[in-house]
Amino acid sequence: MTLTDPTQALAELLAGNRRFVTGAPRHPNQDAAHRAAVADGQHPFAVIVGCSDSRLAAEIIFDRGLGDLFVVRTAGHTVGSEVLGSVEYAVSVLGTPLVVVLGHDSCGAVQAARQAARSGSTPPGHLGAVVDAVTPSVRRAASQGVDDVDGIVDIHIARTVEALLDNSAVLATEVAAGRCAVVGLSYRLAAGEARTVAAVPADVPDRAGSDQVAAVTG
Ligand SMILES: [Zn+2]
C-alpha cells in the first residue's frame, strides 16, 4: 500500500487506532511475506514524531506493521535538528504524506517542565535540555490559564506542530503544496485513544473523519 494523500493517510492511521481501542487489532504487515516484500524499499504513509514513553509504541497503538510508519521518538517529542532532519528525509525523499506529533496524558517530560517552572531549578545533565525544550509550552499554557498536566500536554502538542513547520522550510513547502499535512494527536494511556488537537491544514482531520479540531493558532 502506497498512500500519497494526507487525508487518506490520516484516515488509515485513525482506523488502526480504532481497531486497537476496540480490542480488534488485525496486526497487518507483520508476516514474513510482507517483511520480504518491503526489504527492497520503504514507502511509509506517516511519520510519527512521538514521545519516547514505553506505553506509546506507534505500530501497536495504530495497529500497523513493517514499512508503514517512520517513527522518531524523543522524551516529550522535543524537536531538535536531528529530529527535523529525520522528518525531512521521510517527507522529501520517501514521499510520506503525513506527519503526526504524538503526545499523551501524564507525560513525564511535561510534568518535569511544569515542576521546573514552579521550582525555578532545572534537572541535571542532559535532562535539562528536554525540560528547556518543553518549558515554552508550559509558559504558553500559563498565559492561557492552563495549569493541569494534560491541558499543558495538548498545548505542547500544538506547539510542536508549529515548531516543525516554523523550523523546517522543507516540510512547510510540502504542506503549502498540498502534498503533506501535519497533525497533532493526543493519546490517552488507559483508553488507548488518539484524539486530534491540532492540524495544518486545519480541515484535514474533518476530511479524514476525525473528531473536530481547532486550527493551530500562533
Ligand atoms: Zn511523554
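**Exercise 1. Decide how the radius of gyration of the protein chain compares with that of a compact globule.**

Solution. The radius of gyration is taken over C-alpha atoms, and the globule rule is 2.2 Å times the number of residues to the power 0.38. For 218 residues, the rule gives a radius near 17 Å. The protein chain has 17 Å, so the value agrees with a compact globule. Along the principal axes, the C-alpha trace spans about 55 × 35 × 35 Å.

The structure is a predicted model: local features need pLDDT of at least 70, side-chain atom pairs count only at pLDDT 80 or more, and totals for chains, interfaces and linings use all residues. Residues are numbered from 1 along each chain as its sequence is written, and side-chain values use heavy atoms, with hydrogens and water left out.

**Exercise 2. State which residues of the model have pLDDT under 50.**

Solution. pLDDT is the predictor's confidence in each residue, from 0 to 100. Its mean over the protein chain is 95, and 96% of the residues reach 70 or more. Residues 214-218 stay under 50. For this stretch the model has 14 contacts beyond four places in sequence, where contact means heavy atoms within 4.5 Å. Where pLDDT is low, the predicted coordinates should not be read in detail.

**Exercise 3. List the secondary structure of the protein chain in order.**

Solution. Helices (H or I, at least four residues) and strands (E, at least two) are DSSP runs, numbered from the N terminus. The protein chain has nine helices and five strands. From the N terminus on, their order is α-α-β-α-β-α-β-α-α-α-α-β-β-α. Among contacts between residues at least 6 apart in sequence, 64% join residues at least 24 apart.

**Exercise 4. Describe the one aromatic pair of the structure.**

Solution. Rings of Phe, Tyr and Trp (its six-membered ring) pair if their centres lie within 6.5 Å; planes under 30 degrees apart count as stacked, over 60 as edge-to-face and the rest as tilted. Phe70 and Tyr89 lie 6.0 Å centre to centre with 45° between the planes, and the pair is tilted. Phe70 is in strand S2 (residues 69-74) and Tyr89 in helix H4 (residues 81-93), 19 residues apart. Phe70 counts as buried because its relative accessibility is 16%, while Tyr89, at 37%, counts as partly exposed.

**Exercise 5. Which loop holds Ser168, and is Ser168 buried or exposed?**

Solution. Ser168 sits in the loop between helix H7 (149-167) and helix H8 (169-176). Its relative accessible area is 2%, so Ser168 is buried. Leaving aside neighbours within four places in sequence, Ser168 is in contact with Leu84 and Glu88.

Key
Buried < 20%, exposed > 50% of the residue type's maximum accessible area, 1.4 Å probe, protein only.
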